[in-house]
Amino acid sequence: MLGIEGAALGFGLLLFLLFIGLHIATALFMVAVLGAWVFFGDTMIRPFGTMMWGTLNNFLLVAIPLFVFMGEILVRGGVTERMYRALADWTRPLPGGLLHTNIAASTIFASISGSSVATAATIGTVAFPTFRRQNYAEAWVAGSVASGATLGILIPPSINLIIYGAITNTSIGALFTAGILPGILLACAFMGMIIVACLIDPTIAGRSQPMAAWSERRQRLVDLVPPVLIFVLIMGSIYLGFATPTEAAGVGVMAAFALTAFYRTLNWPMLREAMLSSVTTTGMTLLILVAAFYLNFILGVLGVPAQVSQFVSSFDVQPVTMILLLVVLYMVLGCFLDALAMMIATIPIILPIVTLIGYDSIWFGIFLVLMCELALITPPVGMNLYVTQSVRGRGDVSTVIVGVLPFCLCILGVVALITIFPGILI
């Protein structure tokens, strides 16, 4: 069990390095190099350059910068703002009013951006000025923005699912298919939570506003068509076998170009900002991915996954009990680790355990992304909390934290649902 003991020490070191503020990729790489040196000397360090090239020389990974670039173009081209206003016309009559707009807009935007942080920043920028004028409870506004944005890493095309598929050699198309229903269920759960809360305390929804005329509401429906068409174009081309995820991402970028050109918002300054932001995000993501692949390689050579599986199989633990333990583990890790770091650091250890108790890699991918969603809104390092607070621009982050608590229960509810009925992911 030397491999397990070494892995436990390495994981503890990784948590410490992340806690003191090292970049995720740096922490992963340092732990991997230290493990390689302790157990093998420099024999396993020298192949790193070849391994890095082998990792990045993957056509599938080209989808990451393309999907990021597509989302940036749509955000900076004003497509999201048009979509938000159109949704507001139709969600206003529900108990909770415009709070549902945050969830609905996040759901649609998540399906074309693949990023929770981008979704939180975009929806929050549009939402907060409107809600303040109508005296909504700010904690619920902030909570709906931060929580709704977590859908960005679950509803396809999810960048996190692409990374998970690349690491575990799981079909991206199958992961995308499996992520649709849980994403819709989670969005409905969020909206249901808002309805219940507003029926109990109507003051949450602020002052009622007059409805727009039917003619105006019908006219604005046109602004919902482009993002829906882009989603159908991307996912349809993948599911029907016309394109790989990478090729579909390229199609999405071209559609975003055409859409912003139609709206006359396509210009060089906008493109320059979108490109710079895409390069930054992609560089950070791929650097983490390279370090994660190297760490997983060292763990594999040490035989840690096999040893962990054997260790767990020696206990008579029911599958549901094991999943409950994993939920607790990820809730604790989510308080200290970034969602992507938590996902990458635990896959080589936890995936063999999950498959041993009867779940497959596709189910675990959706489960893991749901737990990452919880990590995104869990203090003290929940990224969406701070992005939402930054866009909010006043008060302190405690208001956002209070606002997300009811939505955390919704995420745990969906986790319970897919655990009891794993067949719904097929």
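This is a predicted model: local features need pLDDT of at least 70, side-chain atom pairs count only at pLDDT 80 or more; totals for chains, interfaces and linings use all residues.

Trainee: Which ring does Tyr 330 pair with?
Mentor: Tyr 330 forms an edge-to-face aromatic pair with Phe 367, with 6.1 Å from centre to centre and 70° between the planes. The pair links distant parts of the chain, since Tyr 330 sits in helix α16 (residues 319-334) and Phe 367 in helix α18 (residues 361-376), 37 residues apart.

Trainee: And Phe 367, buried or exposed?
Mentor: Phe 367 is buried, as its relative accessible area is 0%.

Trainee: How many aromatic pairs does the structure hold?
Mentor: The structure holds 13 aromatic pairs. One of them joins Phe 131 and Tyr 136, whose ring centres are 4.7 Å apart and whose planes meet at 85°, so this pair is edge-to-face. Phe 131 and Tyr 136 are both buried.

Trainee: Switching topic, what lies over the face of Tyr 263?
Mentor: That is Arg 82, which lies at 3.9 Å from the centre of the Tyr 263 ring.

Trainee: Okay, and which residues form the nonpolar patch on the surface?
Mentor: The patch is formed by Leu 34, Trp 37, Val 38 and Phe 39, which together have about 410 Å² of accessible area. Val 38 lies in helix α2 (residues 24-40), and with a relative accessible area of 56% Val 38 is exposed.

Conventions: Residues are numbered from 1 along each chain as its sequence is written. Side-chain values use heavy atoms; hydrogens and water are left out. Rings of Phe, Tyr and Trp (its six-membered ring) pair if their centres lie within 6.5 Å; planes under 30 degrees apart count as stacked, over 60 as edge-to-face and the rest as tilted. Buried means under 20% relative accessible area, exposed over 50%, partly exposed in between (1.4 Å probe, protein chains only). Helices (H or I, at least four residues) and strands (E, at least two) are DSSP runs, numbered from the N terminus. A charge sits over a ring if NZ of Lys or CZ of Arg is within 6 Å of the ring centre and within 35 degrees of the ring normal. Patches are made of residues with over 30% relative accessible area and no salt bridge: like charges are joined within 9 Å, nonpolar side chains (Val, Leu, Ile, Met, Phe, Trp, Tyr) within 5 Å. Accessible areas come from the Shrake-Rupley method with a 1.4 Å probe; for residues, only the protein chains shown count as cover. A salt bridge is a side-chain nitrogen of Lys or Arg within 4 Å of a carboxyl oxygen of Asp or Glu.
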